[in-house]
Structures are given as C-alpha cells and as structure tokens.
Amino acid sequence: MIELRGVAHRYPGQADEEHTFTGVDLEIPRHSFVAVVGRSGCGKSTLLNVIAGLDAPCAGSVSIDGKAVCGPPDAVSLMFQAPTLLPWLPVLDNVLFPLRIAGADLAAGRDRALQLLELCGIADRARARPQQLSGGMQQRVALCRALVSQPSVLLMDEPFGALDALTRELMGEELLRLRERQPQTVLMVTHSIEEAVLLADRVVVMAPDPGRIREIIDVDLPRPRDLAQAQPRAVAGALRELIFERGGSTAHAAGQPRVEVAYD
Ligand SMILES: Nc1ncnc2c1ncn2[C@@H]1O[C@H](COP(=O)(O)OP(=O)(O)OP(=O)(O)O)[C@@H](O)[C@H]1O
C-alpha cells in the first residue's frame, strides 16, 4: 500500500506560506488502480514525483509497503508522456535496459520482455529501432520497459497523452490486460476524465491554489466499461463537476473516498 500523511510540497523560490500542494492524505491499496485528475497546475505531476522519490516533500510522510520513501524505491517503475527510448538500441534492448542497469538476469528478462512485446502486439518489431515505430508502438515499448522488472508499483504521468484517441483507448485496454497477468499498484496522472473512468478503481480529484485533494471517488463498476452506458457517464459527470468546482465542496482531508456516485 502507498500511504501519504499530511504531505506538502514547495518548490525552491516559493515563499514559506506558498505550497505546490498541501495537506495531502492518501491511501492507495495494493494492486489498485488509482487515477489523479485536476486542473492544470494543481500539482498532479509533482505529487507523482514525490511518491516516486524524485522530489522531496517539505512536510508529511510518504511510504510504500511501510517503508518511508526517501529516493527512488526499487519496486517502482515510471512512465511518462514521452517514450524516451534510446534510439541506438533495438526495441528488445530498450525493454531490457532497466534490467541491464540493475545487473539482473538477462536470460529470464529476455523471455519476459518478448512475452510483454507479444502481449502488446509488437513482438515482430523486437529488432527494429525506435524511430522505425509509430508513436503508439513506441509508447507500447515504453510500457513493456516499465513492466519488465515486474515492479509492484507503476507510476504513470499522462502516459498516453501524446497518442491519438483511438490508440489511447487501446493502450488503456492493453494496460488492463497486462495487469491481469502481472498485477501491480498503478497511480496514473491523466488529463482525461474518460480515461480515469474507464481504467481506475479510484479517482483522486485535485484542486489548485493551493494544490490539494478535493475529493476521492471510488469507481465501483465492472470492466470492460463503456462510456456510452449510464453508470460510467454518471461518474464522468460527477468528476467534471468536482474538477470545475461546481459542487461547492472544500478540501478533502481523510485519505479515503468520500463521494458516493448514484449509479442509477
Ligand atoms: N521546477 C519547478 N519550479 C518551480 N515551480 C514549478 C516547477 N515545476 C512545477 N512548478 C509549479 O508547480 C505547480 C504544479 O505543477 P505540476 O506540474 O505538478 O502541476 P500539474 O497539475 O501536473 O499540471 P499540468 O496538468 O499542467 O501538467 C505549477 O504552478 C507549476 O508552475
């Protein structure tokens, strides 16, 4: 479980009373899929970086499976909007790169990497260079690379944000399929309310000025979900209201879901 207690963050140059976000209490249960949404600048990416140990909070505590985060933890993989593949390496070697850096067993990793590429439908591109692939294919490679070390936590910052709508939807479905084989805890920052509703078990809504958690919504709906259906649409509508602050609610403080969506 990922646990945040009273977490606040300030960038250098911000005054003492200013914060990127403040008072963040959050519990992310093991193997759950949590999406973070909110208006631009409310601190979503910074929050993800703090959980990843890439940035330090100015107050509060962050722990993963009971261990305080004070640097990038081993069991965590990251994925960003840009695939950031190494152009001089073939696809398979890009996927294997984290294992090579960690000095891990490459023979076993190779089988796993090929299996992941197979599951993502790009095994036939294992020998290609990244620049020979489409944007969607490159992001699939980045997803395989993020999963090859079998992380228990996957932190994703707008991972499919640069893709066209159709590819984005397919990538989401692929991610859910991969998780059935290899379950991990996922925290995904997304600008897409629809993506959050289709993928997540729980959605954290952040608000700006100062950044804070406004609400947490549990999405207790079976998968696959379809936004043409009433229940997912109701959740998307509730999220939209919260993001644009039409509900008149204040900061969330308990770290647990508070909003119940009426599904019928
Ligand atoms: N390196 C930095 N130094 C100073 N301020 C920063 C830095 N990075 C981000 N900020 C500020 O911190 C705030 C939160 O930024 P962050 O990128 O976390 O927000 P976000 O919710 O992810 O935004 P977006 O949805 O636009 O990606 C913004 O006001 C931003 O200008």
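This is a predicted model: local features need pLDDT of at least 70, side-chain atom pairs count only at pLDDT 80 or more; totals for chains, interfaces and linings use all residues.
Biologist: Which helix gives the largest share of the side of domain 1 that touches domain 2?
Modeller: In the contact, 12 residues of domain 1 meet 9 residues of domain 2. On the side of domain 1, the classes are 8 nonpolar, 2 polar and 2 charged residues. The largest share, 6 residues, comes from residues 165-181, helix α5.

Biologist: Which strands stand at the edges of the open sheet of 4 strands?
Modeller: The strand order is β2-β1-β4-β5, and the pairing is antiparallel. An edge strand has a single partner, so one side of it is left without a neighbour in the sheet. That applies to β2 (21-28) and β5 (67-68).

Biologist: What is the bridge partner of L4 in β4?
Modeller: Strand β1 spans residues 2-9 and strand β4 spans residues 59-64. These two strands pair in the antiparallel sense over 5 bridges. In β4, L4 is bridged to V62.

Biologist: Which element gives the most to the shell around the ligand?
Modeller: The ligand is surrounded by residues including Y11, T20, G38, K44, S45 and T46. By class, the shell has 2 nonpolar, 7 polar and 1 charged. Helix α1 covers residues 44-51 and packs on the sheet, touching β1, β2 and β4. With 3 residues, the element that gives the most is α1.

Technical notes. Residues are numbered from 1 along each chain as its sequence is written. Two strands pair if DSSP finds at least two bridges between them. Two residues are in contact if their C-beta atoms, placed from the backbone, lie within 7 Å. Axes are lines fitted to C-alpha atoms, for helices over the stretch in contact, and angles run from 0 to 180 degrees between N-to-C directions. A residue is near a molecule or strand if its C-beta atom, placed from the backbone, lies within 6 Å of it. Ala, Val, Leu, Ile, Met, Phe, Trp, Tyr, Cys and Pro count as nonpolar, Asp, Glu, Lys and Arg as charged, and the others, Gly among them, as polar.
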